[in-house]
Amino acid sequence: MPQETTTNIDPAALLDAAFRTAIATALEEPDGDFDPVIRVAQNPEFGDYQCNAAMAVAKQRQLKPRDLAERIIEAVDLGDLAEPPEVAGPGFINIRLKPEALGSMLESIDEQGLGLPQPGEGHSIAVDLCGVNVAKQMHVGHLRSTIIGDAIARLHERLGWTVHRENHLGDWGLPIAMTLTALRDAGTDLRSLELEDLNTAYRDAQLSGKPDRRGLEGAHANGCGPHRIIELEEQNAGSDEAITRAKDTLIKLQSGDAALVDDWNAIIDCTMREVFDTLAMLNVKIGPEHNRGESFYKDILPEVVEAFIAAGLGIEDDGAIVVRFEDRDRPLLIRKSDGGFLYATTDLAAIRHRVRTLDSDRLVYVVDARQRDHFKDVFGAAHLIGWDRTEKDVQSDLHHLPFGAVLGKDKKPLKTRSGENFTLRALLEEAIERGSKEVIARSEDEHAPTHGATEEELRAIGRAVGIAAVKYADLSSGVVKDYVFDLDRMIAFEGDTGPYILYAHARICSIIARGRAAGLSSEDAPFKITTPEERRLAIALLRYRRTVTETTDQLEPHRLCGYLHELANQYSAFYQACPVLKADDEATRRSRLRMCDLVRRTLEDGLDLLGIEAPERM
RNA sequence: GCCCCGGUAGCUCAGUUGGAUAGAGCAGCGGACUUCUAAUCCGCAGGUCGAAGGUUCGAAUCCUUCCCGGGGUGCCA
């Protein structure tokens with residue numbers, strides 16, 4: 001993606017363009033197009049960047065790699081960007097940027113948008129996230145979908161996309177009908193419904209359905225893995241009788257029974273009040289306006305199935321309607337033999353809505369990795385019928401972003417002491433409590449900038465620290481893997497953690513405040529890159545643009561996390577080695593202060609893309 | 001049975017899509033504070049990249065087979 005190669009913003013892009021041309025010249029092919037394989041140098045002794053194309057191209061052309069590399073550096077025109085490149089090893093080309101070039105590039109990214117492009121303009125994305133179920137409290141299972149989804153949404157927004165956050169609530173179907181039945185049996189007044197009542201009703205509904213105790217015991221006895229055990233514990237397999245009654249309720253609800261519809265709305269309201277409370281703790285941009293539950297699609301499900309049948313893709317099999325695929329035996333069931341619809345049917349309706357009505361050319365489903373096969377099939381079916389193309393016939397990219405499980409320290413599903421599932425609220429409250437404790441303890445030191453702050457201020461900082469710890473820990477490792485929820489490790493103020501990055505940010509705020517107090521302005525100060533620490537910090541800053549675009553393209557938030565950690569780390573090294581306010585001359589003080597400001601804004605912006613707030617003091 | 005995911009330092013994890021001596025953090029050891037916030041920084045030590053073959057100038061990365069762990073697998077979501 002060598003876009004905007006003429007803008008003075010991204011060294012990698014500039015080098016890419018220069019070496020692309022140089023390779024063509026060296027090969028005497030004016031119109032040749034070869035990937036120059038520009039990479040950040042791994043080792044400072046190799047310079048800042050390297051071009052690794054010579055070996056591969058030489059092999060393809062039966063040339064000697066080193067000779068070709070020599071010809072390339074002969075041909076390349078780097079202007080004032082870099083020192084003359086050098087050939088090393090089997091044909092690597094090492095590149096060292098000129099300090100003046102670094103300064104002028106920093107100049108270019110030192111603007112409101114930090115040099116980020118807007119490739120999403122004219123594009124729309126729908127992000128399926130959160131995925132709460134009505135009548136159930138949020139638990140750890142919702143944590144990842146919510147914060148990863150929110151980060152994906154924020155990244156796209158930042159790059160100019162129109163973003164639709166889709167909270168695909170489980171607000172329809174048998175489980176809801178069972179809960180409604182249980183509530184009515186208990187004679188609960190739904191106008192004053194409390195979460196507690198709802199929990200009880202849900203549990204009663206489960207009990208009346210005789211959960212599969214035997215299966216669960218068997219799973220433990222056979223040493224089944226955590227996923228299987230979660231599944232069985234959450235299983236809501238019911239007795240025939242309870243299910244029959246729930247089906248009656250569902251039919252009445254479906255036909256618009258006014259009293260039932262009122263009750264249904266009441267339990268949704270009750271659930272969502274609690275959900276939005278919890279989401280507020282998490283600092284995610286998800287509100288009632290993003291609700292679009294299963295019930296939204298309920299009336300078009302027959303039409304979905306009919307469309308597949310009409311296209312010859314929906315085949316009757318054993319009384320059910322299935323979609324078959326060429327490359328696998330497993331079919332996708334879209335209508336049961338009793339005429340009922342399945343979640344696959346709803347998901348197909350949702351795809352059509354998101355692609356056609358919302359006009360999204362990218363769909364991302366932030367859903368548990370266990371649903372891989374399901375999404376493969378649903379996407380496959382959508383593709384067969386052509387619902388993955390927009391009204392303007394643009395191919396939409398459909399992605400399932402599968403994430404792993406959150407486990408306890410024993411590597412088994414996370415439980416409270418009493419053996420119950422952790423509610424998300426309880427988990428977050430504990431994190432906030434821990435964060436507050438640490439912040440308050442620190443503030444007792446009379447040299448601490450937070451010394452003398454009010455209890456309220458300290459708690460606000462503690463909240464930010466606790467939530468940052470949880471979110472960073474979740475987002476910073478690859479999304480597909482399971483991870484162990486270990487608050488001690490997450491909240492540690494040293495190492496690759498959220499608080500570490502927050503700390504770097506707070507230190508910069510402090511230095512800027514002192515600079516301002518001393519009447520020092522960094523505005524329009526020329527960047528002077530002299531020390532190795534300044535150099536490394538400059539290059540780190542210049543990598544922000546590419547990091548954000550790649551993180552967004554690849555849907556890998558942990559890349560941005562890794563970047564922010566490295567930037568914070570480079571800053572700390574710079575901070576240690578390069579006095580800012582105490583530098584010898586004014587030009588250096590101003591240059592360094594401006595650099596501090598740029599780092600601060602980059603950290604703040606990057607953290608914001610992850611949904612993490614950065615306090616000014618801690 | 002079939003399909004999918006994972007296996008990298010004592011622990012937790014990266015590894016820029018095939019590049020140089022495989023990198024971070026934690027834990028361990030040794031240094032640096034009358035602080036522009038030491039919640040930090042610098043250094044040392046730590047590896048059969050699950051195993052064996054193969055592809056090539058070059059493999060943690062691609063191919064094949066196998067081992068271990070986890071997940072999924074037709075009318076739940």
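Reader: What does the secondary structure of chain A come to?
Author: Chain A has 22 helices and 13 strands. This is a predicted model, so take every value as computed from it.

Reader: And what box do the C-alpha atoms fill?
Author: Along the principal axes, the box for the C-alpha atoms of chain A is roughly 80 × 70 × 45 Å.

Reader: How much of chain A is buried?
Author: Of its 618 residues, 54% are buried.

Reader: What share of the contacts in chain A join residues at least 24 apart?
Author: 73%, counted among contacts between residues at least 6 apart in sequence.

Reader: Let's do helix packing. How do α19 and α21 cross?
Author: Helix α19 covers residues 532-542 and helix α21 covers residues 557-577. Their axes come within 9 Å and cross at roughly 155 degrees. An angle over 145 degrees counts as roughly antiparallel, so α19 is roughly antiparallel to α21.

Reader: Left-handed or right-handed?
Author: The crossing of α19 and α21 is left-handed.

Reader: Which residues meet there?
Author: From α19 there are Glu533, Glu534, Arg536, Leu537, Ala540 and Leu541. From α21 there are Tyr563, Leu567, Gln570, Tyr571, Ala573, Phe574 and Ala577. By class, the contact of α19 with α21 has nine nonpolar, one polar and three charged residues.

Reader: What about α21 and α22?
Author: Helix α22 runs over residues 586-609, and α21 packs against α22 at about 155 degrees with the axes 10 Å apart. The two helices are therefore roughly antiparallel to each other. Their crossing is left-handed.

Reader: Where is Arg589?
Author: Arg589 is in helix α22.

Reader: Buried or exposed, that Arg589?
Author: Buried, at 19% relative accessibility. The cut-off for buried is under 20%.

Reader: What is Arg589 in contact with?
Author: Leaving aside neighbours within four places in sequence, Arg589 is in contact with Leu520, Val580, Leu581, Ala583 and Asp584. The C-alpha atoms of Arg589 and Lys528 are separated by 9.8 Å, and these two residues are 61 residues apart along the chain.

Reader: Back to helices. Which residues of α4 are buried?
Author: In α4, residues 99-109, the buried residues are Ala101, Leu102, Gly103, Met105, Leu106 and Ile109.

Reader: What covers them?
Author: The cover of the buried α4 residues includes α1 (11-26), α19 and α22.

Reader: Switching topic. How many disulfides?
Author: A search of the whole structure finds zero.

Reader: Backbone next. What is phi for Gln62?
Author: Gln62 has a positive phi of about 60 degrees although it is not a glycine. Gln62 lies in the loop between α2 (53-61) and α3 (65-75). With a relative accessible area of 73%, Gln62 is exposed.

Reader: Where is Asp524, and what about its phi?
Author: Asp524 is in the loop between α18 (498-517) and α19. Its phi is near 60 degrees, a positive value in a residue other than glycine. Asp524 counts as exposed at 62% relative accessibility.

Reader: Last one. Where does Ser396 lie?
Author: Ser396 lies in the loop between α14 (372-385) and β11 (397-403). Ser396 is buried, with a relative accessible area of 4%.

Reader: What does Ser396 touch?
Author: Val355, Ser360, Asp361, Arg362, Leu363 and Asp388, not counting residues up to four places away in sequence. Ser396 and Arg61 are 38 Å apart in space, C-alpha to C-alpha, and 335 residues apart in sequence.

Key
Residues are numbered from 1 along each chain as its sequence is written. Chains are lettered from A and ligands numbered from 1 in the order in which they are written. This is a predicted model: local features need pLDDT of at least 70, side-chain atom pairs count only at pLDDT 80 or more; totals for chains, interfaces and linings use all residues. Side-chain values use heavy atoms; hydrogens and water are left out. Axes are lines fitted to C-alpha atoms, for helices over the stretch in contact, and angles run from 0 to 180 degrees between N-to-C directions. Helices (H or I, at least four residues) and strands (E, at least two) are DSSP runs, numbered from the N terminus. Angles under 35 degrees count as roughly parallel, over 145 as roughly antiparallel, 65 to 115 as roughly perpendicular and the rest as oblique. A crossing is left-handed if the near helix is turned anticlockwise from the far one by less than a right angle, and right-handed if clockwise. Contact means heavy atoms within 4.5 Å. Ala, Val, Leu, Ile, Met, Phe, Trp, Tyr, Cys and Pro count as nonpolar, Asp, Glu, Lys and Arg as charged, and the others, Gly among them, as polar. A disulfide is a pair of cysteine sulfur atoms within 2.5 Å. Buried means under 20% relative accessible area, exposed over 50%, partly exposed in between (1.4 Å probe, protein chains only).
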